[in-house]
Amino acid sequence: MTDSAKTAAVRAAVSLLITGVAIVGAMVILGPAAYLWIKAAHVVAIISWMAGMLYLPRLFIYHCDAPKGSEQSETFKVMEGRLLRIIINPAMVLSWVLGLWLAWTMGYFSSGWFNAKLVCATLLSGVHGYFAGAVRRFSEDRNTVTARQWRMWNEVPTVLMILIVVLVIVRPF
Ligand code: HEM
């Protein structure tokens with residue numbers, strides 16, 4: 001395992017631990033109100049995750065236009081790496097842990113809308129993984145995706161976000 005993979009694994013474990021302690025603490029201190037507090041925390045985590053998932057491909061578009069080895073290109077590498085590690089990765093872990101706890105508490109696993117939401121959230125996590133790989137390739141000056149293609153990728157998280165919000169709020173089935 002590389003050093004950055006180890007750091008990512010440690011960060012994920014720490015976020016999980018903090019989330020677990022916060023959930024148990026909320027249940028003990030708040031009782032039945034814990035559900036709404038945890039739902040609020042879920043929405044905050046989702047906003048952070050989506051902000052990063054919408055901004056990262058925009059950085060890739062600008063990065064494509066920066067000549068390899070230029071100061072601009074090196075600055076984009078730092079911005080992309082920090083956005084991924086400090087915001088996007090922990091926000092995704094939190095969104096999943098809190099969301100699954102909410103679903104388990106309410107018994108949503110047998111609902112159609114929730115299973116459709118799970119499929120969309122899984123696709124979004126796959127896109128997240130692809131973007132994380134792109135951050136690594138950009139950092140090694142090995143990106144082969146064009147700015148035009150990144151513009152198209154930029155729309156994928158947007159479409160998934162709209163579907164997920166409609167599914168969870170309208171619950172059409
Ligand atoms: C990562 C996996 C996810 C899981 C397991 C999950 C699960 C849940 C659950 C069970 C609820 C509570 C629903 C209720 O009681 O009304 C909820 C609320 C919510 N989720 Fe997620 N969610 C996930 C990801 C997302 C994503 C990616 C978005 C948006 C892009 C999102 C947006 C929301 C919103 C806006 C609410 C509040 C809905 C309301 O109060 O009416 N979730 N989520």
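How many residues does α4 have, and what does α4 reach from its first C-alpha to its last? I found 28 residues and a reach of 41 Å, close to the 40 Å expected at 1.5 Å a residue, the expected span being 1.5 Å times one less than the number of residues. Helices here are DSSP runs (H or I, at least four residues), numbered from the N terminus.

I noted that this is a predicted model, in which local features need pLDDT of at least 70 and side-chain atom pairs count only at pLDDT 80 or more, while totals for chains, interfaces and linings use all residues. Residues are numbered from 1 along each chain as its sequence is written.

Next I looked up burial, where buried stands for 20 or more other C-beta atoms within 10 Å of a residue's own, with C-beta atoms placed from the backbone. In α4 the buried residues include Lys117, Ala121, His128 and Phe138, and the buried residues of this helix pack against α2, α3 and α5. Asp141 follows α4 and has a positive phi, near 55°.

The ligand is surrounded by 20 residues, the closest being Gly99, Leu102, Ala103, Ala121 and Met161. Two or more residues of this shell come from each of α2 (34–65), α3 (71–106), α4 (112–139) and α5 (147–170), and α3 gives the most, with 7 residues.

Last, I checked Trp49, which touches Ile88, Ala91, Met92 and Ser95, leaving aside residues up to four places away in sequence; contact requires C-beta atoms within 7 Å.

Key. A residue is near a molecule or strand if its C-beta atom, placed from the backbone, lies within 6 Å of it. Two residues are in contact if their C-beta atoms, placed from the backbone, lie within 7 Å. A residue is buried if 20 or more other C-beta atoms lie within 10 Å of its own, exposed if 12 or fewer, and partly exposed in between; C-beta atoms are placed from the backbone.
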